[in-house]
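Take a look at the model below.

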Amino acid sequence: MAWFQKSEVVIAGILLLAMILIGLVNPAFWSLDNMFSLLRSNVIIGIMALGVLLVMISGGIDVSFPAFAVAAMYLTIKGMLYFNYDGVFLPFVAAATIGALFGCLNAFFVYKFRMIPLIVTLGTGSMVRGFLLGVVGTSIININKMPDALIDFGKSDIISMIKPDGTTYGLTAMVAVYVVLAITLHFVLRYTMIGRGVYAMGGDPEAASRVGFNIRKITFFIYCVAGALAGFAGLLHSGMIWLANPRDFVGLELDVIAAVVLGGASIFGGRGSVLGTMLGVFMLVMVKNSLIIMKIDTTWQRVVVGVIIVIATAITAWRDRRANA
Amino acid sequence: MLRSGPLFHVDGLVMSENFIELRNVRKEFAGVVALKDLSLTIQKGEIHCLAGENGSGKSTLIKIMSGVYQPNAGEIYIDGNKVENLSPMASIEHGVQVIYQDFSLFGNLTVAENLAMNVQLREQRQVLNWRKVREIAKEAVKRLGVDLDLDMDVEKLSTAGKQLVAIARALMSDARLIIMDEPTTALTGKEIETLFRIVKDIQSRGIAILFVSHKMREMLEISEHITVIRNGQKVADGPTGDFDEALITRHMTGSDIISKPYIWDQQKYGSMPPRIETTNLSFGTDLDNINLAIKPGEIVGVSGLLGSGRTELALSLFGMMPGYSGTISINGVQTVLDTPQKAIRAGVAYVPEDRLSEGLFLTQGIDRNMLATSYEKLAPGLLIDQDKAEEWVETMIRDMQIATPTGKKLVKELSGGNQQRVVIARWLLTNAKFLILNGPTVGVDVGSKAEIHRTIRELTQKEGLAVLMISDDVPELVHNCNRIVLMHRGAFVEEMASADTSEDQISDKLKNLT
């Protein structure tokens, strides 16, 4: 395939074009300050998008991850408060593990009962959210109670700058976390047998099992990793905004799925890449950010996200159908 | 007939000429017997044909050899050694490779990755080396002696190209037996020749091939040994030289099918205007100046390869290809058929090839399926005339000889043949006078097939229907049509009266189309 036909190149081209256009309307867009804040907004959606990408390549879809993320985040912080633990590493392991366990639940229903992933994840997402609010609690944990180590971790920058007026700004180190996770997933998808198995499953699950892929293993891998990424992102999010709200992330699934589809992943499975997804996430965040800067009402942002999903899906569906014709 | 290769012992291991041997294998699904005490032996390096009608148990047998199904009883021997609980992985390790009709390839991945996948999996690699993938792919292509673009996504290849990839992939797995399931279905005559050359070449390396087919001519041409199964039982096996087409047919169907060609009652219907007539019917590159007239009582067969425009012809006559040029007349009146609704009102009926996805509501009863297109007539006002509906359904079940105690029975519980009759009955209820049948007996068991043929012929004769029958099955056309047109690249290339045409002639003509 010629390089200019690759979806990533097309997406990058569109992204660049959009950036130039936005820059023309609003020159402040290109300021380092704005770029840093844009990248910061990429982190959480981006990490979740990596999980959704994995699920979508395999031919499934996941709408439960915001619930898993919020549950992992809230449970972990509650636990930290309960045990009076102030650290960083263990909590993230715990959050990812909680997410992975929830993901196993998805995998169990998808594999064992051959259920449609959309229905499974709608159900598990709703259950997890309900249990969290009903059993664990509904109160927001504010900055005064939040574990300090998490806040400090969330505050760390890799680049710090001082504005002429003396205020500082910087690029959050969380971007590095996101990039490391993305590169890892890229390598898993591209260079490991289980990663290729995910693509094979998305291409033709029947054929995948015939050539000897272990569909059960792959299904559990997909949904557990997606859950773990969601759980991880959830905790990271609370560290970045310095509070833990058990009602957080409502409606986020749409944004993330929009970003993944925008990044060229096929809703029919079998196609999608980490780089494309990262570009899709950047594009979505940038568009939403620009709408805010242009002081457009948040309700209209929902319209834009909806339009993006429909158009991006239409384009990829059209591409895939043409390829199959 | 039992056959066994000479046995001899080397270091305690039993060596034999036989690669795989099934002894009295039995397989049941929920109490229904799919295979009954079936024995089959495939020798090393032989081309063996497994013949049987659709539904005779061929696919079950393949799945037992490939380890997908476990037999309920019986034994499997590979290289003379008994194998217990043959799993898909174990079967592959023994060198059994199946090339399914859908090829089991990954359209979203490149040719190279598809070719290398099995080797990578067998070596139980965790990490993929893309340079190695390329090497394996190159080797696979070289072994098969074909030219394939390794970087192309498989879904962009032609059917023949995909098949080559599937065969090359099988060879890379150190195959000792390659099972090909209906490999010639979607190939052109030239491509079939290429395939046969490759099959012979594979054989020359000592690899056995099980060629699963229901096309007599191909079996006789390619194989050395033929096994015929019917209703899950082996009914014949022996060297190919012992068989001819008539004999295979007799074994496959269990009866001599009386091949009396259908004769059009010209005296009765000759003076009537054609039920359907087209002049210069064209549509893009799909249809090229089609002139066709079918009079009442005629059954006209259309033969041609996939993509010859035969399906487009059917669709255009059913109003599903608006924007055609040329004219269509029904009963002598010129009509514009640009929607299926108009076609139905004009008395046209279309029974699609894939009745399951296009024609039937499987989870509904026979009655509702039959009446699906007739509710308008049953409900002149607001309410459906239930008595009349019941009466219609009962009449149709009787006329079409559908095996069911009641019209309430769900269609999914019927056999393929009975399902097909439900579809045809539905159209007869609309008072259709022109019936388009696309592959009317695909996936239908033998007994039902003959019954369906009989019903179609009788109805046409008696009611003066006009029928356009499209089929891959040449004997089906020869036995049921009074004339047959050969289609190629959207045009009619030849018309034959079936009374003075043999199956061979038509098959030869089909083969020579490119």
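**From one residue pair to the whole assembly**

B:Glu21 stands opposite B:Tyr77 in E6(B). This is a predicted model. The strands behind that pair are E3 (residues 18-29) and E6 (residues 73-78) of chain B, joined by 5 bridges. They run antiparallel.

Widen the view to the sheet. It is an open sheet of 4 strands of chain B, in the order E4-E3-E6-E7. Its pairing is antiparallel. In general, strands of a sheet pair through backbone hydrogen bonds, in a parallel or an antiparallel sense.

A residue counts as buried when 20 or more other C-beta atoms lie within 10 Å of its own.

E21(B) pairs with strand E15 (residues 299-303) of chain B in the parallel sense, over 4 bridges. In this pairing B:Gly301 stands opposite B:Ile484 in E21(B). E21(B) is also joined to strand E22 (residues 491-497) of chain B, by 6 bridges. Here the strands run antiparallel. B:Met487 stands opposite B:Phe492 in E22(B). E21(B) and E22(B) form a hairpin, with 2 residues between them. In the turn, B:Arg489 has a positive phi of about 50°.

Most residues other than glycine have a negative phi. B:Asn231 has a phi near 50°, a positive value in a residue other than glycine. B:Asn231 sits in the loop between strand E11 (225-230) and strand E12 (233-239) of chain B. B:Asn231 has 18 C-beta neighbours inside 10 Å, so it counts as partly exposed.

B:Asn289 also has a positive phi, near 45°. Where does B:Asn289 lie? It is in strand E14 (residues 287-294) of chain B. B:Asn289 has 14 C-beta neighbours inside 10 Å and therefore counts as partly exposed.

Step back to chain B as a whole. It has 19 helices and 22 strands. Its radius of gyration is 25 Å, close to the 24 Å that the globule rule gives for 514 residues, so chain B is as compact as a globular protein of that length. Its C-alpha trace spans about 80 × 50 × 50 Å along the principal axes. Of its 514 residues, 46% count as buried. Take the contacts in chain B between residues at least 6 apart in sequence: 70% of them join residues at least 24 apart.

How is chain B divided into domains? Domain 1 covers 45-69 + 87-253, domain 2 covers 257-347 + 435-514, and domain 3 covers 354-432. The C-alpha centres of domain 1 and domain 3 of chain B lie 40 Å apart.

Next comes chain A. It has 13 helices and 2 strands. The radius of gyration of chain A is 20 Å, close to the 20 Å from the globule rule for 325 residues, so chain A is as compact as a globular protein of that length. Its C-alpha trace spans about 60 × 50 × 35 Å along the principal axes. Of the 325 residues of chain A, 46% count as buried. Among its contacts between residues at least 6 apart in sequence, 76% join residues at least 24 apart.

Finally, bring the two chains together. How many residues of chain B are in contact with chain A? There are 20, and they meet 18 residues of chain A. On the side of chain B that touches chain A, helix H2 (88-93) and helix H3 (111-122) of chain B each supply at least two residues. H3(B) gives the most to this side, with 4 residues. By class, this side of chain B has 10 nonpolar, 6 polar and 4 charged residues.

How values were computed. Residues are numbered from 1 along each chain as its sequence is written. Chains are lettered from A and ligands numbered from 1 in the order in which they are written. This is a predicted model: local features need pLDDT of at least 70, side-chain atom pairs count only at pLDDT 80 or more; totals for chains, interfaces and linings use all residues. Two residues are in contact if their C-beta atoms, placed from the backbone, lie within 7 Å. Ala, Val, Leu, Ile, Met, Phe, Trp, Tyr, Cys and Pro count as nonpolar, Asp, Glu, Lys and Arg as charged, and the others, Gly among them, as polar. The radius of gyration is taken over C-alpha atoms; the globule rule is 2.2 Å times the number of residues to the power 0.38. A residue is buried if 20 or more other C-beta atoms lie within 10 Å of its own, exposed if 12 or fewer, and partly exposed in between; C-beta atoms are placed from the backbone. Domain bounds come from an automatic or database domain assignment. Two strands pair if DSSP finds at least two bridges between them.
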